[in-house]
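Subject: Structure for you to look at

Hi,

Here is the structure I promised to pass on. Please open it alongside these notes.

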Amino acid sequence: MTMDDYQRAALRTAAPRDKHNELFHLLLGLVGETGEIAEKAKKIVRDKGSDFSQWDTEDVKKELGDTLWYVAVIADYFDLALEDVAKHNIAKLADRQKRGVIGGSGDER
């Protein structure tokens, strides 16, 4: 499955773009899903001595999938193909690595 195949499939379960406050709903959903991942990570730190090998990988897969769904639908909201978003991100990171600034801070490094 390509990123664009995934995006098309995700959109079959999304609300219409013109639904009132839909972008706001999607953004809150993305934050909520990433927050769920962070919350589960916090519990591993708190309860399992930061031993992430104890994290249920099926649970991680589920939560990352939920996050990916929101990213795919938000990208479409702005007429962006998920494949293009992914390629742009990899190119940006490769350029930063080449210039030795991958570990720095700031968007325009």
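Is glutamine 7 buried or exposed? Glutamine 7 counts as buried, because its relative accessibility is 5%. Buried here means under 20% relative accessible area, exposed means over 50%, and partly exposed is in between (1.4 Å probe, protein chains only).

Some ground rules. This is a predicted model, so local features need pLDDT of at least 70 and side-chain atom pairs count only at pLDDT 80 or more, while totals for chains, interfaces and linings use all residues. Residues are numbered from 1 along each chain as its sequence is written, and side-chain values use heavy atoms, leaving out hydrogens and water.

Helix 1

Glutamine 7 sits in helix 1. Helices are DSSP runs (H or I, at least four residues), numbered from the N terminus. Leaving aside residues up to four places away in sequence, glutamine 7 touches Ala72, Ala75, Asp76, Leu80, Ala81 and Leu82. Contact means heavy atoms within 4.5 Å.

A salt bridge is a side-chain nitrogen of Lys or Arg within 4 Å of a carboxyl oxygen of Asp or Glu. Aspartate 5 is partly exposed, at 32% relative accessible area.

Helix 3

Helix 3 covers residues 57-77.

At the start of helix 3, a side-chain oxygen of aspartate 56 comes within 3.0 Å of the backbone nitrogen of glutamate 58. Aspartate 79 follows helix 3 and has a positive phi, near 60°.

The buried residues of helix 3 include Asp59, Glu63, Trp69 and Tyr70. The buried residues of this helix pack against helix 1 (3-11), helix 2 (22-47) and helix 4 (82-98).

Leucine 68 is in helix 3 too. At 31% relative accessibility, leucine 68 counts as partly exposed. Together with Met3 and Val71, Leu68 forms a nonpolar surface patch of about 190 Å² accessible area. Patches take residues with over 30% relative accessible area and no salt bridge; like charges are joined within 9 Å, nonpolar side chains (Val, Leu, Ile, Met, Phe, Trp, Tyr) within 5 Å. Accessible areas come from the Shrake-Rupley method with a 1.4 Å probe; for residues, only the protein chains shown count as cover.

Salt bridges

The whole structure has 10 salt bridges. Glutamate 63 pairs with lysine 40, with the closest N and O atoms 3.0 Å apart. Glutamate 63 is in helix 3 and lysine 40 in helix 2, so the pair ties together parts 23 residues apart in sequence. Glutamate 63 is buried at 2% relative accessibility. Lysine 40 is partly exposed at 26%.

Glutamate 58 and lysine 61 also form a salt bridge, at 3.2 Å, N to O. They are 3 residues apart in helix 3, so about one helical turn lies between them. Lysine 61 is exposed, at 53% relative accessible area. Salt bridges with shared partners join Lys40, Asp59, Lys62 and Glu63 into one network.

Helix 4

Alanine 91 is in helix 4. Its relative accessible area is 47%, so alanine 91 is partly exposed. Alanine 91 and threonine 67 are 24 residues apart in sequence and 22 Å apart in space, C-alpha to C-alpha.

Best wishes

Note on methods. Helix = DSSP H or I, 4+ residues; strand = E, 2+ residues; numbered from the N terminus. Polar contact = N/O pair within 3.5 Å; in protein donor to acceptor, adjacent residues only side chain to side chain.
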